[in-house]
Structures are given as C-alpha cells and as structure tokens.
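Here are my comments on the model you sent over. Have it open while you go through them.

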Amino acid sequence: MDSVTGLITGTSGGGAECKEGVEEGGGVRHRVAHVEMKLSALESEEGSQVPLNSDIITSHPQMAPRRTPALYLTLIGLLIFSAAFLLGYVAFGGMWRSCQEERELIPLSDAAGSEHVPEGGVMYMSELRQMLKKYLKEDRMENTLRRVSRTSHPPGSSEGNAIASEILQNLQNLRMDHTWTDSHYATLQFPSRSQRNSLWLVDSEGVELEEIPLDGDGYCAYSATGTTTGGVVYVNYGRREDFDQLRSIGVSLNGSIAIVRVGGGLSFAEKVWHAQEAGHVGVLIYPDPADVPQDPRRLGLHSNAVISEHVHLGSGDPYTPGFPSFNHTQFPSTQSSGLPIIPAQPISANVASKLLSQLSGVGCPRGWQGRLPYVQCVLGPGFTGPGERRVKMGVFNKMKPVLLNNIFASIEGKVEPDHYIIVGAQRDSWGQGAVKSGVGTAILMELARTFSTMVENGFLPKRSLLFVSWDGGDFGNVGATEWLEGYLTMLHLKAVAYFSLDQAILGDDNLSVYSSPLLADLIEGAIKHVEHPKHSGQSIFSLVQRQGGWKNIVKPLYLNSGAYSFTAFGGVPAMQLRFNEDTRVYPFVNTQLDSVGRLQELLQGRFCAVGRAVAELIGLMVLKLSHDHILPLDVTCYSSAAQQLSSKLSVHTTELQIRGLSPQWIFSARGDYSRAARSLLDAIKNSDVQDERLARLYNTRIMRVEYYFLSQYMSVVETPFRHVFHGRGDHTLTALAEHLSLLRSDPHLFDEVRFRRQLALFTWTMQGAANALSGDVWNVDNPL
C-alpha cells in the first residue's frame, strides 16, 4: 500500500508562530455583503440599461459636440489597449494553471461569474497556512479539556447532557452556517445496580469456597450475562497464534475460563471472540505490569485497578445491525453477529496474580511470562493443592435504551457544497476521560472556531466542512455508526474524508498515523509545516526523516479506532493520528483514573503545545482537501496492495494448478484497476482543472474509490465491515492470504471450495472497482 503516484505537491513555508491580538469576526464577510447590496441597488436603477460608454460621454458633456482630435486619439488609444489586453489574455491564459500548481492560488469568488471578489482577489496556500496558525489558540483547548474531563459523563447522564448542551451552544455562537443535532435511541449495557458481577473459587461440586472481590466500576459492555464455571487457562494476549500454540502443546481449552492480558495489538472484543472460537466458556482480562505500568509513584496504575472496554466485535448498536437506531422505526428481531455468547469481565493485576499463582499444568512458552509478582508462568487448567478447584464467574450487566445526541456544525463550501470534509471526536466517557473524550473534543472545538474565524476573514472553502461531536463512543462508536447507517446509501457521493480526533494525545514523542491509503500522502505535506511539540524549531517531517521516513509512521486502521467504521463500514477514506511516548505508555485510558492532571504529568505540562501540533496537522489536511480543484487522494494506492496478493498467488501457482485453480482472473482485475487509475490521472493532468463542471466529474469518481471496495456480495447485517482491504470476514484480502498460506504450512487444512469462493469475492470486487473507476461503460476494456 505504499504510495505509487500521489496527487499532492509539497510546498514550503509556514512556521508555527501564533500572532496574538487579532480581532476576530467581521472582516471580509461584512464587506462582501455590503458589495452585494451596492450591486443590487445599481442593477435596480433606471440608468442600468445605459450603454457602457455613456459614462465617458456624461463625464465630459462639454466635449461631446466638439469632437476634437484629442477625443479621437483617446478612443484610438483605448481600442489599441483593449486589443493588446485581449491578445495577451489569449496568449498567456494557459499559464494560469501551471502558476496555480506552483504557488497554489485560490480564487476567492463564490462561484464562476460571481459579482463580488474580496480585496486582493486571490489568496495563496502559504497565506492560508499562516491564517490557520494565526487564529489557532491553544489556551482555549486546555480550557475545554478541563471542562469536559471534570467528572464522569457516560451517555444519557446529567453531566453528559450538560456537556452536550454547552457544545451545541458554543458552536451556535460561532455563527456557523448550520448547527443541528442527530438523535438515536440505542441499546447500551451498564453494570447492574442490584446485582454486582462476581468471581468465586468453587470445589468440584460447585460449592463456593472463596469470593474474590472485584472492582465495582469495571465491566465489559455487551458481555453475555449469567454464570459459568470451569478450570482456568492462561492464554497470553488471546491472539489466534496464542491459541494455536496452546493446541500444539496439548492444553485442554474446551469448557475452561481464559485469563488473558491486555495488549498484544488486540481489542477486548477480538480477545473474547478468539477465546469463544477456541471453546472457552468465559474470559477474564487483566493488565500485566509488563504491558501496563503499575507503579502509582511513576505514573502507573495501582495493582487493584481494572481496564474496561466493550466486547462487541463490531460498531454501533448491536441490536439494530445495519439499521439506524431511530425510535420510530420497527426493526426485525435481530442482533449483531459480533455479540459474544460467553461472559467477559475485567480483573485487576492483584486478582490475576491470585489465580495464576495457583495454577498447575504445563509451563508457559517462551515470551509468555509477564511481570506479576509471585507468579510462575503455568498454563493450567488445574489448580495446585488438595481437591479439584475451579472458578465460577457471574456477569449481571443490564441493557438500557439511551437517547444519543450527535452534534453537528457546518461551514458551506462555495463550489461543491454537497461534498463534505468531516472532523469528529467522541464526547462521552465512563470516567473523567481526559484522553478518551476530552482531548478530541478540545481540539474539535478549537478547529471549528478557527475555521469559522478564517471564513470571516476571507477564506472561502470550495467544499463544506462538518464538525461533529459523537455520543456513545465508549460502547463501540455507536453514535457515529448509527449516523453512518442512516446515510449509508449516499455517503460515498457526499463525504470526501473523515478525520477522527479520538485519543490524539498519549504522549509528545512520536507521531503515528492510522489511515486509509487514499489519504496517506496528505500527511507528508502537513508534517513539513508543523513544528514538533517537543523539539522547538524543528518540523515533525525533519525528525521523522531521521527515523526512516514519513511512510514508516503510517499504519493500517484498527478495529477500535474512531476512524475504522467510516472506511470499513461506510466506504469513506478516514484517518486518525496520535502522539505517543517513546519509552512509556499512558496507562489510564478506559479507567477511572484518566484525568487532566495525570495527562499533564505525562506531558510535563505541554498539553497546549501537543494539542496545537495535532490541530495544525488536521487543519492543514482539511485546508488541502477543501481548496484544491482536484481532490488529492491517491487512487493508485490499492494497486500496490493487490500486487502483493498477486505475488503470493504466483508463488503458489503450481499448488493451485494441481487443484484446478488459476489466479489469472485476479491478475486481470488488478491490471484493469491499475490502468483505470492511471488513465484517470492522465485525464486530469491534461484537463483544465479550473473548469468547475469537469473538476466535479473527476472528484466524484475519486470520492467513490473507497466505496468501490465494499464488497457488494456481502450482507451489511451479517458482515458490516465489507471492505476487502480493511474489513473483517472471509471476503477480505487478509483472510484470502491466510488461507493461501495453508497450502504449504498445513495442506490438509486447505479448503478448496472455500478458497474458490474467497477468490471470486475478492476478484469481482476488484473488477467492479476497476470498471467503476473507468467512468462510462464505453471506457471499460472488455475485449472479445
């Protein structure tokens, strides 16, 4: 997926200086309105039909009857000047485009033929970058962070509703073109008030021997409920390869309860899903000191703390999969295929140590040893000591319908107002949520204020900007997904890109970018113009280059990110970026300890500097997308990903041919897509991109590319993440490649029928994308 051909041209300039004392508001917008009124008044006057040269005649009434030679000379001079001007325009008009590409000129008219132009007529991209830096106020971000993270504010709570009302009011005060709320009734799961979740040691008859106290605030939303009993098996991070290794050792998994560590690159939902597939009847999830710092004196958790996270392998309301959760709609009785059927519960390191220290059985494989005190790494499932002991766990969470309110504000574009660039952040949190919701909300509100001020002072975006505060994020991006479900059939025609601000600050050392490959090249241009928050006077780009180059910081989207659903479910290019620490992690996310004080302690008081860097990065990419004539999305990127699959298929050609399988069709589909992408780029290169009608046609084709890779052969209800590159399921490139590898690692596990179906699903999705990108049907290459 590395870049092949980008549409972005890098530009220089743009420091990080923020000039204070600039008056906000007013400016060009008021002058434009005044000009419009004057023009309207002039058009309504009786003299508006007078010939164009009447001004010359009436301004010199005494000269009209005399027709002196001076008058004739003046008229001849004007004619010569006009002819020379027209000839110069014809001769050099074609240079406008190349000049614009070099200096990035931005016309400041509402549309072609506009009757008013602000002072100066045009602005350069460098001026817009300076304008962004000038109006961005980092101190406002800290104020918002402290307000939002004052106390716990889960969806539906009084504090959550109060914050939502304040955000809506603040956005309305910015004089946006539109502000509104989008409401959904969603089914969320909370701990029961009448019956706490429990954990017991029991004997072989099920008699309770000892209750093990649990943290009353910790739970896994969307866990299955009820009680279950079994032996205990330590499964490391709960990855598929961990379970494969346990099977190879001969450890009995069926009917046991898994104890799994936080981390390993997996969400809680993925850990529970893998344990369920392996035959476990319950899951206990704990933070190991090897992965999560647990020394409160050094910014760590205390040993009794738990980390809570939902366990729905999906996003949105799991009881209305594929449908928006409007309370007036009658849905069929259904639920998400990603809901677990076994109970899950977070436990502390102390509880895990108590259980794991008593296990008997085979010793752990190399690399599985954590840092729990007094624990020798043993896999289980039995316990040491006399008698047969087991663990009994009870989960009694309750479902509750909750009204979610997403809050929107928009600035309308002047050329393509129906094309949206969306910036959003989660607003809710089980705890104080400084990182979980406060950081993103603070940056979101400051970006909304900054762009509103820029518009008041002369910036006219070509495309519309949407700023969104999402509700229900802690339960699997429920608010955002429900909105996506409500507009799924039209988003690929409207949404240019989505930028998630969730958990954007977990440190101040290294920048990581999780992105659709269509957007990846944007980050290169942005980091050249943003100062690193920890290294004054140095751009992020300069530091990244010393660490191997900017492409090394770009990573695939992951399941629990705020951006994932937009791409994998909605077919919209999305990005989420984050600053991390070099040598330590911020351990308080998804705990009751995620506070502003602890975040500032980690950053050594530099939240404002890091927040500003994130805001500038997102702001610069939004500027680029909102003003370029042609959207700077890399439509060739997926050719590289498909090429990787083609290479793997080529390696296994002999084994495939023995089974009567041919990779030829996938080679053909990849070739067709590559040709269609190059053809589109060539057509754009040789076109007048200032022609708004033509530019819109090209942009519409570019915007749909991500959507083309949502497999149209999969049900959105059964397989919500239909994207063949980023999704989850048997239709994806990942699943196909993993199955293909069995030809040599475990040939007896290779399923020819399944592989034929996988190959067909991927091939036809790729071919459909190629056909759609080609444009009109007569441009599709289908030789007889």
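Predicted model: local features only at pLDDT ≥ 70, side-chain atom pairs only at ≥ 80, totals over all residues.

1. Start with the open sheet, which has 4 strands in the order β7-β8-β9-β10 and parallel pairing. β7 (232-234) and β10 (344-346) sit at the edges with a single partner strand each, so one side of each has no neighbour in the sheet. On average, neighbouring strands here are turned by 25° against each other, direction ignored.

2. Inside that sheet, β8 (residues 257-261) and β9 (residues 282-286) run parallel and are joined by 5 bridges. If you want a pair to look up, R261 has Y286 in β9 as its bridge partner. Helix α10 (residues 349-356) lies across β7, β8 and β9, at about 120° to β9.

3. Next, α25 (residues 752-773): its 22 residues reach 31 Å from first C-alpha to last, close to the 32 Å expected at 1.5 Å a residue. Just after the helix, G775 takes a positive phi of about 100°.

4. What do the buried residues of α25 pack against? Their partners are other helices, including α19 (637-651), α21 (664-685) and α24 (733-745). Among the buried residues are F755, L759, F762, M766 and L773.

5. Last, is Q503 buried or exposed? Q503 is found in the loop between β15 (495-500) and β16 (505-506), yet Q503 counts as buried because its relative accessible area is 16%, under the 20% cut-off. Leaving out residues up to four places away in sequence, Q503 touches V435, K436, R578 and V589.

Terms used. Residues numbered from 1 in each chain as written. Heavy atoms only, no water. Helix = DSSP H or I, 4+ residues; strand = E, 2+ residues; numbered from the N terminus. Buried < 20%, exposed > 50% of the residue type's maximum accessible area, 1.4 Å probe, protein only. Contact = heavy atoms within 4.5 Å. Pairing = 2+ DSSP bridges. Axes fitted to C-alpha atoms, helices over the stretch in contact; angles between N-to-C directions. Expected span 1.5 Å × (residues − 1).
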